[in-house]
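Subject: Structure handover

Hello,

Please find the structure below.

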Amino acid sequence: MNRYWILFIMVMFFAQPYTCLAEEGAITEEYVVRILDGEDQKLNYDKHRPKKKKYKKISFSINFAYNSDKINEQSYKVLIAIGETLQSKGLEQFKFMITGYTDSAGSEKYNKALSLRRAGSVKTFLHTYFTIDDMRLIVKGMGELYPIASNENESGRARNRRVEIARLN
Amino acid sequence: MLRYLFIVFLFLVSTSCSDTKKIDQISAISIAKQYFQKKQYEKSADILKKVEDPKLIGKEYHLMLGLSLFRLGDFENAIIAFEKARPKSLEMKIYIAYLYLLTGDSQTAERMTNILETEYGKTANIFILKGNLALKMELFKKARIQFNRAIELDNSSIKPIIGIANSYFMERNYIKAEKNYLKAVFLSENSIDAYIALSRFYQGMNRYKDAENNLKIAVDNDPDNKSLLIQLVSLYIKLGNSQEAIKTLERALTLYPGTFNLWIKKVRIYLDSNQLEEAHHTIQKILSDYKENYYTYLLMGEYYLRKNDLNLALYNLNKAVGINPESYEVNYYLGLIHLIEKNVRSARMYLEKSIIIYPGFQSSHLLLANIYLSEKRYKLAAEHSKFVLQLDPDNTSGHLINGVSLFFQGLHREAEYEFDVTQKLDPTNQAIYLLKAIVALNDNNKSDAQKAISSIDNQNIEKLFFELELFKLAGVKKIEKKINAYLKKSPNYMTYLLIGSYYKERGEPELAVKLFNKSLALNEQSAVTYYYLAEMESSQGNVESAISYLNKTIEIDDTFLKSYQALGGLYEVLKDYDNAKRIYKKGLAFYPENSMLLNNLAWIELEHFSDLDSAYAHVHTAINISPEDPDIIDTRAWLHYNRGEYEKAISKLNTIAVEYPDNPLYLFHLGMAYFKNSEKSLAKMTLKKALELNIGEPHKIKIMKALSL
């Protein structure tokens, strides 16, 4: 009994001063590395909150001739970069959706058709100049739907005139 | 049993649970941790720095401090803290190596990498680190080899793909760069880094629409990500879209209200878009939480500066510097305010401190360059502007200042090159065309002058000035038609003034005076017109009329420097030294660091009031400002002479006499100093030369007296 008391007293005497305070979560190297990796840049989600689908898509401003699906020369460099990407090692097994969008000038029906033709032009370009199987590229025309900026001004309309390429699988 | 319990009780009482100082320190750690976990790194760092108890300063402390400092951008101190934590994990050690790279210490980073490779072997992360090291050293092919090796070991990470993309971008192979950035986005699972890298690439290519659209896709995917929101804010700021920037910032602040940096950004956007009241309102909001933070006072100082309330700006900036004297930004703003208040010496002191603290701070360099330009110290001005251009080759102000410095050093071709570069960078900048016109006119290059002048906006009155200069150069006589057309189009006082000065230069004083008087009739409050009239009177020998006009200029504009200089000189001609002294002193009240006024005042104090101490004070200040000005050196030397310090006088006078051998006054002073120093033959030779150069009286008489001895 005496031994245990002595041991108890020794522990109390030599214990770190802050044992009288509640211990909080320790900051470890692993924690620090996670923060350095950017984990503190987002909020902690409620576990029950439904997970949002993350799209691997990229938006491009491809220039077409007015009212046409003819691609302007100044966009060739962009399309070459896209083509080289889609045919590169690591991406060969994926399919991609090419979606065309327009601004709100013109009728809905017309814009939908134009956007589909433009997406088709991009597909043709990629298929012609690169080793990309036709089956890997799917086209869609969304017309003036899903604008990403206001159509009230020219800068907004310019942003809405775009092509998006999304990885499907 | 009770005895032991009593002993235990005694120990409990004597341990730190009753030690209030230790409890404060422990509380501090605990509070710091709470702030840390809430990501309020500013506050956690502040508290951690105050902890002194060595028992509490352990690994956890160092890790917290290191990370807080990292998030605040203080990488150098973050490294120190992390190293004190003695990290054991490879990931942590790799991050420290990255921090060395970030602070520019590639050697240490490389050394660490080699040690890690020896210790841990070849891992993907080590290859990525080696790749980034190679990128920093601009060894692009080597970088890609390392990144590819990383991919072979671990093809799930997109960091090496981004590394490869960066290497192509730095090599200006933009298609391959874009290809890899796109690949990184398509292959990544958590694609924030990939989207940020892609967006930065598009910004680098001036494809801002694509940059914005893709950042927005990323934000859609991850709406609460602070990094993304900050990237988007930065992009909007770059695009000048302050509305969207504020909107995005407000969203970020709703999610992360304790992030001081976001508040700073918000205030800055308001300040830059001139929404001053909103800026003030926001600063007031953060003042309660960040009262001890120097940056809050810095922002307040900027706000008052923009409101032109220099007193309150200075008050707040002094508070900021009191809390943190090592802030380069605060020192810069203090320099700026002192410059506005014409305290050039104080301004220089603060600006130089600013660049000692942060050598790469371009704004301080540019302001210093401007100061040196105004002091005609062109080489020093060029040093600073060139430094800025090394950091930022597209800096238009840097090119402009460099061009002006080169021009005044007589290097006209080089100056023209700089103006051409500035024109390409900023073709709307009218100052370029004015400067190019000056260079061309100076070189008598009519066609280049014509070209530059034609690019000047017709709204700029300076265009008229340059056209008139071109007429002089081209020897065009029949310009009355053009002048009459100008007068018809814009018969304002400035037009009369410019045309009047043109005729003055052409040696047609009557016509000039007529036009100046017409200018005065339209605007009685034009100090410049009175000044020109004073010049005309002075050239005709009508000193008193000239004095009267000059007094009028000062009455209208008491900061008209040239008037003080000219007026003082004219009073001296009339031997009215009391008024001369009064005028120089008045001018110095506005321009305490004007070396010409200082020197002139020192001279009359010395020669006409025998006030050697005051003369010394003034010439000493002048010489610190313009150490190579021969007139100032002459005054200083004459002061030595008057104090009986003949050898010192001779030493100084020799240097200027060699450089300006045809200045009779310097030779006279030198001769007299030789004479007093018993070097009679040198004295005679020098004084004779002064006579030959037609030195005026009373010096002539003094020389003749000396030579007769």
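Residues are numbered from 1 along each chain as its sequence is written, chains are lettered from A and ligands numbered from 1 in the order in which they are written, and side-chain values use heavy atoms, with hydrogens and water left out.

Confidence first. The average pLDDT (the predictor's confidence in each residue, from 0 to 100) of chain A is 80, and 76% of its residues score at least 70. In residues 13-24 of chain A the pLDDT is below 50, and this stretch has 12 contacts (heavy atoms within 4.5 Å) in the model beyond near neighbours in sequence. Where pLDDT is low, the predicted coordinates should not be read in detail.

Chain B has 42 helices and 0 strands; these are DSSP runs numbered from the N terminus, with helices being H or I of at least four residues and strands E of at least two. Of its 709 residues, 50% are buried (under 20% relative accessible area; exposed is over 50% and partly exposed in between, with a 1.4 Å probe and protein chains only). Among contacts in chain B with a separation of 6 or more, 46% are between residues 24 or more positions apart.

The helix pair is α14 (residues 226-238) and α15 (residues 242-255) of chain B, which pack at about 160 degrees with axes 8 Å apart. Axes are lines fitted to C-alpha atoms over the stretch in contact, and angles run from 0 to 180 degrees between N-to-C directions. α14(B) and α15(B) are therefore roughly antiparallel, a term for angles over 145 degrees.

G403(B) is in helix α24 (residues 396-408) of chain B and is buried, at 0% relative accessibility. Leaving out residues up to four places away in sequence, G403(B) touches A415(B), E418(B) and F419(B).

Two non-glycine residues have positive phi. K376(B), with phi near 65 degrees, sits in the loop between α22 (362-374) and α23 (378-391) of chain B and is exposed at 61%. S678(B) also has phi near 65 degrees; S678(B) lies in the loop between α40 (664-676) and α41 (680-692) of chain B and is exposed, at 61% relative accessibility.

Regards

How values were computed
Parallel < 35°, antiparallel > 145°, perpendicular 65-115°, else oblique.
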